[in-house]
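The exercises below concern a helix and several charged pairs in one protein model.

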Amino acid sequence: MEKCWAEKYCRRFNEHRSNCHEYCIGYVQLQNIYSMSNIPVRYQHDLPMFADVRDKDTFMFLRDFKDNILNHAQEGHGLFIHSKIKGNGKTAWACKIMNEYFKKVVLDNNLRCRGLFINVPEFLDQLRSAMDLDKTPEELLETQDHIKSADIVIWDDIGTETPSKWVRQTLYKFINHREANDKMQIFTSNISLGTLTKDDYLGDRIVDRIKGQCKVLELVGKSHRDANWYSSETVSIS
């Protein structure tokens with residue numbers, strides 16, 4: 001049996017680990033959820049979060065948002081998390097929130113896509129490649145269906161793709177569909193919404209949809225990949 005996603009919060013795992021098996025309904029359902037989510041492996045298990053003191057209040061907000069994820073997902077509340085600095089928690093928090101949602105809905109999954117992680121530049125590259133083929137790959141068609149139907153979609157690194165009319169039209173189609181149907185979206189970016197509004201980026205139509213649905217949060221702390229980061233004052237926020 002592979003490492004279980006629920007081992008940190010599963011009573012059976014903590015009290016009777018010897019009885020764990022690959023046919024456990026929770027394990028099977030989580031396996032199904034994660035297989036459709038496209039979340040990078042490093043973010044599939046709950047990561048401890050340490051905030052630069054300058055980001056403490058933002059991390060606290062994100063923690064509270066995570067703890068109330070069922071309500072936020074039901075209401076279609078979204079997040080736009082941005083920072084000029086890479087590696088300071090944007091993607092980690094987006095996935096941490098989605099992991100919490102999976103934890104809460106796992107026993108009511110019904111074998112459907114509950115959450116989907118989209119790395120925007122990679123997704124657009126896949127769509128461009130498909131345009132050169134006579135037939136769109138089945139996996140890519142399924143991803144597009146899941147973008148429309150999933151309870152939560154993470155749009156990771158939005159705004160870093162090469163801007164073009166086609167890019168804006170493609171992203172607008174998906175983002176607008178989800179916003180119009182009150183489906184939760186989490187965006188991460190190294191670019192502010194003010195810059196993304198410009199015509200040579202996403203443009204105001206897409207940004208208007210994001211603003212209408214999302215709480216905008218900026219992280220200003222150092223990169224967690226910085227070798228000297230742990231020498232600065234940090235706060236643990238789970």
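The model is predicted: local features need pLDDT of at least 70, side-chain atom pairs count only at pLDDT 80 or more, and totals for chains, interfaces and linings use all residues. Residues are numbered from 1 along each chain as its sequence is written, and side-chain values use heavy atoms, with hydrogens and water left out.

**Exercise 1. The span of a helix**

Determine what span helix α3 (residues 56-67) should have at 1.5 Å a residue, and compare the value with the model.

*Solution.* Helices are DSSP runs of H or I with at least four residues, numbered from the N terminus, and strands are runs of E with at least two. The expected span is 1.5 Å times one less than the number of residues. For the twelve residues of α3 this gives 16 Å.

**Exercise 2. The buried face of α3**

Identify which residues of α3 are buried, and state how they are arranged about its axis.

*Solution.* Buried means under 20% relative accessible area, exposed means over 50%, and partly exposed lies in between (1.4 Å probe, protein chains only). By this criterion Thr58, Phe59, Leu62, Phe65 and Lys66 of α3 are buried. Viewed down the axis of α3, the buried residues fall within an arc of 120°, so they line one face of the helix. The arc is taken from the directions that run from the helix axis to the C-beta atoms. The elements covering these residues by contact (heavy atoms within 4.5 Å) include the helices α4 (69-75) and α5 (90-105), together with β1 (50-52), β2 (78-82), β5 (184-189) and β6 (214-218).

**Exercise 3. Salt bridges**

How many salt bridges does a search of the whole structure find? Describe the pairs Lys103 with Glu100 and Arg63 with Asp64.

*Solution.* Side chains of opposite charge can pair when their charged atoms come close. A salt bridge requires a side-chain nitrogen of Lys or Arg within 4 Å of a carboxyl oxygen of Asp or Glu. The search finds nine.

- In the pair of Lys103 and Glu100, the closest N and O atoms are 3.1 Å apart. Both residues lie in α5, three residues apart, about one turn of the helix. Lys103 is partly exposed at 27%, whereas Glu100 is buried at 9%. Glu100, Lys103 and Lys104 are linked in a network of salt bridges.
- In the pair of Arg63 and Asp64, the closest N and O atoms are 3.9 Å apart. Arg63 is partly exposed at 27%, and Asp64 is partly exposed at 40%.
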